[in-house]
Amino acid sequence: MKTPYDYLFREYDIRGRLGEAELNTQSVGQIARAYGEFCRRRHIEEVVLGFDNRQCSPGFAEVAIEGLKDMGLTVYNLGLTITPAVYFAQYFLQSPGAMMITASHNPDGWSGFKLADGYSSTLGPQEIEEIYTISKNLPHCSLIKGTVKQFDIRGPYLEKILQSVQIPAGHQLRVVVDAGNGGAGIYAWELFQALGCTTFALNCDPDDTYPHYFPNPSEINARRRLREMVTHPGIKADLGLGFDGDGDRLGVMDEMGQDIWSDLVLLLLSYKVLSTHPRAPIVFDVKCSRALIEGILAQDGRPIMWQTGHSHIKSKMRECNAPLAGERSGHIFIGGNLYYGYDDALMAGALLVEEIVKRNRKVSKICASLPQYITTPEIKAACPDAVKYEIVDDITRTLKARYGDKVNTINGARLELENGWGLVRASSNLPELVLVFEGKTKDDLLEIRALFREVLSSYEQIDSVWQNDRLV
């Protein structure tokens, strides 16, 4: 029988709740030493380390640094930062190893690790399993203890983004940036101000109590205050940008306070990318809209649907040499001749500003020219980790029996119907199922939603109260 410790090791990250059973100083040290041994096996001698602004993170960082030093590694300690800055530091410091201590968008009371085994390469299921196995039977420490070096990556990271976008001076774009009191606040206002935007800061002071809402731009509650700021008569912003706690997820809102889900942001960015990479593949996850597929095809690009998860997407990008990729959750990966191919919400936001300035139209008007569908946010239904994958497999069999090859099984079950589609998949990082529905009309969406509601209702382990379920 699996223990709570076993469930820390997920598809492509390590995440768990704080406490004796899951993440604490002992288990953090154990995992850090296991990752250190994992690196030694690959002749990786240097690791970049950063952490988010959760209350537990500085203490966990101290323990993790000692564990990595015990295995003989050199550690570049970046301190409080965001995940994309850690990835950038790998290139800047020529360090193929990286550890970001974060639970990303998971609620407060969680922590975890994002781990790298190369440049723009984070661990997948096999590598996570290897670290789990090492952690259960830790090897001896290195005879030569490693060292730690403090490094401030903030300036070089911001300068790289500023050099990577082309925005003419003198534009009038007004932008509200919302960091939700997470780590992105130490970068966001300065970046967009430097891009020439009139920039309004919302919750940009890191605060580990998260007094307003937890920073997750996929959540409706995290967008409500941003909407108020964007549409305030004294501000009248052109664009709202929200960031998650570790800066690798982006949420976008137009000047009218309407949500622009990240699959449409990806479509907007594809115009720039496909203009310099004609007929290139663009990778996206199973939660993305048909509008994205149609928009890519209209530009003679090649849409490639793939599994959800930042490690899965980066791996697929490398496999098919894609210059752009994204997930509905807000991860956007920019590669090709533009950037490094990892998920960076600040870089994606900067490129979006470039696209909007170039078009010189209201954001709502730009989006109105794209293919139109009605889509829900990412809906969450609580379901225990121990059974969630088994239940999704069973739901998939049920849908396959009814609808045959209309069910896409790349990741969970995505049912494609003439009037829209619906998806159910197991969350990789939380004890829950993720659902998304889309229709040509509101009635189409509600019909598909009701179909999935009926199927899921037969499982008592699935909470009947769906979270983030805003009917359009």
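Modeller: Start with an open sheet of five strands, in the order S9-S8-S10-S11-S12, with mixed pairing. Strands pair if DSSP finds at least two bridges between them. Helices (H or I, at least four residues) and strands (E, at least two) are DSSP runs, numbered from the N terminus.
Modeller: This is a predicted model: local features need pLDDT of at least 70, side-chain atom pairs count only at pLDDT 80 or more, and totals for chains, interfaces and linings use all residues. Residues are numbered from 1 along each chain as its sequence is written, and side-chain values use heavy atoms, leaving out hydrogens and water.

Biologist: Which are the edge strands?
Modeller: S9 (198-202) and S12 (259-260); each pairs on one side only.

Biologist: How many bridges join S8 to S10?
Modeller: Four, between residues 174-178 of S8 and 239-243 of S10, and these strands run parallel. Within S10, leucine 241 is the bridge partner of valine 177.

Biologist: Which strands does helix H11 touch?
Modeller: H11 (residues 345-359) packs on the sheet against S10 and S11 (250-254). Its direction makes about 170° with that of S10. Contact means heavy atoms within 4.5 Å. Axes are lines fitted to C-alpha atoms, for helices over the stretch in contact, and angles run from 0 to 180 degrees between N-to-C directions.

Biologist: New topic. How do the axes of H8 and H9 cross?
Modeller: At roughly 10°, coming within 9 Å. That makes H8 roughly parallel to H9 (angles under 35 degrees count as roughly parallel, over 145 as roughly antiparallel, 65 to 115 as roughly perpendicular and the rest as oblique).

Biologist: Which residues make the contact?
Modeller: Asp263, Leu264, Leu266, Leu267 and Leu274 of H8, with Ala291, Leu292, Gly295 and Ile296 of H9.

Biologist: Now aromatics. How many pairs in the whole structure?
Modeller: The search finds 19. Rings of Phe, Tyr and Trp (its six-membered ring) pair if their centres lie within 6.5 Å; planes under 30 degrees apart count as stacked, over 60 as edge-to-face and the rest as tilted.

Biologist: What is the arrangement of tyrosine 91 and tyrosine 340?
Modeller: Stacked, 4.1 Å centre to centre with 25° between the planes. Tyrosine 91 lies in helix H3 and tyrosine 340 in the loop between strand S16 and H11, so the pair ties together parts 249 residues apart in sequence.

Biologist: And tyrosine 5 and tyrosine 132: buried or exposed?
Modeller: Tyrosine 5 and tyrosine 132 are both buried (buried is under 20% relative accessible area, exposed over 50%, partly exposed in between; 1.4 Å probe, protein chains only).
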